[in-house]
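Please look over the sequence and the three-dimensional structure shown here. The paragraphs that follow lead through selected features one after another.

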Amino acid sequence: MTTSGATPAPDASSEASSHASSGTGSGTASGAVSDYATYIAGLPRVLAAAATVFRDEGGRVLIVEPNYREGWTLPGGTVEADTGETPRQAARRETAEEIGLDLTPGPLLAVDWVHGAARPPLVAYVYDGGVLTKERFAAIRLQEEELDSWKLVGRAELAGYLPGPLCLRVHAALDALAAGRGPVELEDGRVAR
């Protein structure tokens with residue numbers, strides 16, 4: 001049900017039947033589905049990623065150092081949407097793969113639309129991983145194929161490790177967490193207006 005006045009995007013079956021019954025397309029259901037597949041193939045691409053913010057009792061944030069690119073990041077990665085994976089599932093899977101902790105993500109803290117120069121835009125989801133105990137941190141096992149190290153970093157130090165938009169995204173997620181409010185909508189790490 002649409003309450004905002006916006007028209008929902010058609011699904012394959014409604015698009016196919018509207019083409020077949022309106023005389024557009026090839027006049028057959030299979031032709032309409034083929035037209036719909038062509039339409040979908042021509043749509044702009046958007047990447048999706050999910051990460052989790054874990055903290056220690058002092059409020060420091062867990063960051064990881066990838067070995068395949070410069071800089072540090074949060075535990076997380078690409079949402080495998082082609083397999084039906086959701087952002088929340090991706091955050092959990094990536095955390096288990098990268099640092100060896102299979103933990104259910106907490107509330108969504110931020111959603112960030114990140115423009116890309118050499119790639120399609122990215123929608124980045126950031127979840128609350130909660131405050132981990134010393135025992136949990138001791139249980140971290142890095143995925144050696146992707147990560148070199150991990151560390152806990154205070155909020156004031158994050159800018160020295162995380163690239164610009166990611167640092168802004170993490171700060172916005174921490175602000176949302178501290179304020180006890182729902183997720184914040186961001187564009188390139190800044191609050192969307």
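**A guided reading of the model**

Asp188 has a relative accessible area of 27% and is therefore partly exposed; buried means under 20% relative accessible area, exposed over 50%, and partly exposed in between, with a 1.4 Å probe and protein chains only. Asp188 belongs to the loop between strand S7 (184-187) and strand S8 (190-191). Its phi is near 55°, a positive value in a residue other than glycine. Most residues other than glycine have a negative phi.

This is a predicted model, in which local features need pLDDT of at least 70 and side-chain atom pairs count only at pLDDT 80 or more, while totals for chains, interfaces and linings use all residues. Residues are numbered from 1 along each chain as its sequence is written, and side-chain values use heavy atoms, with hydrogens and water left out.

The secondary structure comprises five helices and eight strands; helices (H or I, at least four residues) and strands (E, at least two) are DSSP runs, numbered from the N terminus. Along the sequence the pattern reads α-α-β-β-β-α-β-β-α-β-α-β-β. Of the 193 residues of the protein, 36% count as buried.

Nine salt bridges are present in the structure, a salt bridge being a side-chain nitrogen of Lys or Arg within 4 Å of a carboxyl oxygen of Asp or Glu. One of them joins the side chains of Asp128 and Arg55 (2.7 Å, N to O). Because Asp128 lies in strand S5 and Arg55 in strand S1, this pair ties together parts that are 73 residues apart in sequence. Both Asp128 and Arg55 are buried. Another salt bridge links Asp102 with Arg92, whose closest N and O atoms are 2.6 Å apart. Asp102 is in the loop between H3 and strand S4 (108-114) and Arg92 in helix H3, so parts ten residues apart in sequence are tied together.

Helix H3 also holds Glu97 and Arg93, four residues apart, about one turn of the helix. These two form a salt bridge with the closest N and O atoms 3.2 Å apart. Arg93 counts as buried because its relative accessibility is 18%, whereas Glu97, at 35%, is partly exposed. Both take part in a network of salt bridges that links Glu80, Glu85, Arg93, Glu94 and Glu97.

Strand S1 (47-55) is one of the elements that give two or more residues to the lining, and S1 gives the most, with five residues. The search also finds one cavity of 30 Å³ or more, lined by Thr52, Phe54, Thr95, Leu103, Thr104, Pro105 and Gly129. On a 1 Å grid over the protein atoms alone, a cavity is a set of points where a 1.4 Å probe fits but cannot get out, and a pocket is an open set with protein on both sides within 12 Å along at least five of seven lines; lining residues have an atom within 4 Å of a point. Grid points are joined across faces, edges and corners, and a volume is the space filled by probe spheres set on the points.

Finally, Gly58 is found in the loop between S1 and strand S2 (61-66). With a relative accessible area of 70%, Gly58 is exposed.
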